[in-house]
Amino acid sequence: MTTASAPGKIILFGEHAVVYGRPAIAAPVSQVRATAVAQPNPDSGVRIIAPDLSADFLLADAAEDDALAVTLRQIETAAKLSQLPDLIITVSSQIPIASGLGSGAAIAAAVIRAVAGQLGLAHLATDEWVSNLTYEVEKIHHGTPSGIDNTVVAYEKPVYFVRRQPTNLIETFAVKRPLRLLVADTGIRSSTKIAVGDVRRHWLANPDQFEVLFDGCGRIAATARTAIEMGDIAHIGRLMTANQRLLEEMTVSSPELERLVMAALQTGALGAKLSGAGRGGNMITLVEDEGMETAVRAALLAAGAKTVLTTTIKT
Ligand code: MEV
């Protein structure tokens, strides 16, 4: 039996613009994880059990575009196997789906690692291999993914990412002062595919306006990297809020997200923004110390957050 897991993720800077080649920064959220267990199946076939999704089916019966089935077929092809052996794969996740925390990417990465381990192929399952296979699965979730989500969940490190041909730029960087963040869930589920598709339609209709917005996000992400390397917490916070304003102009914010952003800022948080595809899901806010964390958490809950978790970003 082989067990593997992968973390959730937040986008600190640059979501959406990253799809258009601008830099972005993402970090893992290690305390919420997707876990996969792979073990031999005494019966024939590959059986997938996902209690959280009320799913229990055989790979042979799965729909063409089922994400778990695509994940398994990716492994089959990448490992050059004519057919996977008889396995039971059990998947569970603490990461809420469609909430901007990368649940789809984390589930795929966990399944890839668990199955590769169970097949004696752990040597193949480098972070890069897991990231590349997860990317193929991400295409089902949202058509034109930038590649940042699969990268951060597979490497499980904060990354500075630029979508590029022939290979993406993926850099790790020093975090001089750990960043204490609260991650608050609006409770509203939102499809990444729809949000990314809507931004594309706006960009096609108003290319000049959207290129300016994307450039603004890219500049913020590049400046934020330097601020993170220098430990300039106040500047990082201001850049987060500036990024939120651009995301609002991109039409991917929502009244619920903005209520949480405002509650955090009015309580003294250093900065706040939505994280991920937006329109719902989670927002993040930067706090200086434990006292500020307690006050901002209470304000977020009072403003309608369904859950608030704390995560600290370190090198
Ligand atoms: C989703 O976590 C981030 C987006 O920029 C989409 C992507 O990068 O693929 C909205």
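**Helix 5**

Helix 5 spans residues 192-205, and its 14 residues reach 20 Å from the first C-alpha to the last, close to the 20 Å expected at 1.5 Å a residue. Helices are DSSP runs of H or I with at least four residues, strands are E runs of at least two, and both are numbered from the N terminus. The expected span is 1.5 Å times one less than the number of residues. The model is predicted: local features need pLDDT of at least 70, and side-chain atom pairs count only at pLDDT 80 or more, whereas totals for chains, interfaces and linings use all residues. Residues are numbered from 1 along each chain, and side-chain values use heavy atoms, without hydrogens and water.

Ala 195, Val 196, Asp 198 and Val 199 of helix 5 are buried (under 20% relative accessible area; exposed is over 50%, partly exposed in between; 1.4 Å probe, protein chains only). They lie on the same side of helix 5, because they cover an arc of only 160° around the axis, taken from the directions from the helix axis to the C-beta atoms. Ile 194, Arg 201, Leu 204 and Ala 205 are exposed on the other side.

**Salt bridges**

The whole structure contains 17 salt bridges (a side-chain nitrogen of Lys or Arg within 4 Å of a carboxyl oxygen of Asp or Glu). One of them joins Arg 180 to Glu 293 at 2.6 Å, N to O. Arg 180 lies in strand 8 and Glu 293 in helix 9, so the pair ties together parts 113 residues apart in sequence. Glu 293 is buried at 11% relative accessibility, while Arg 180 is partly exposed at 27%.
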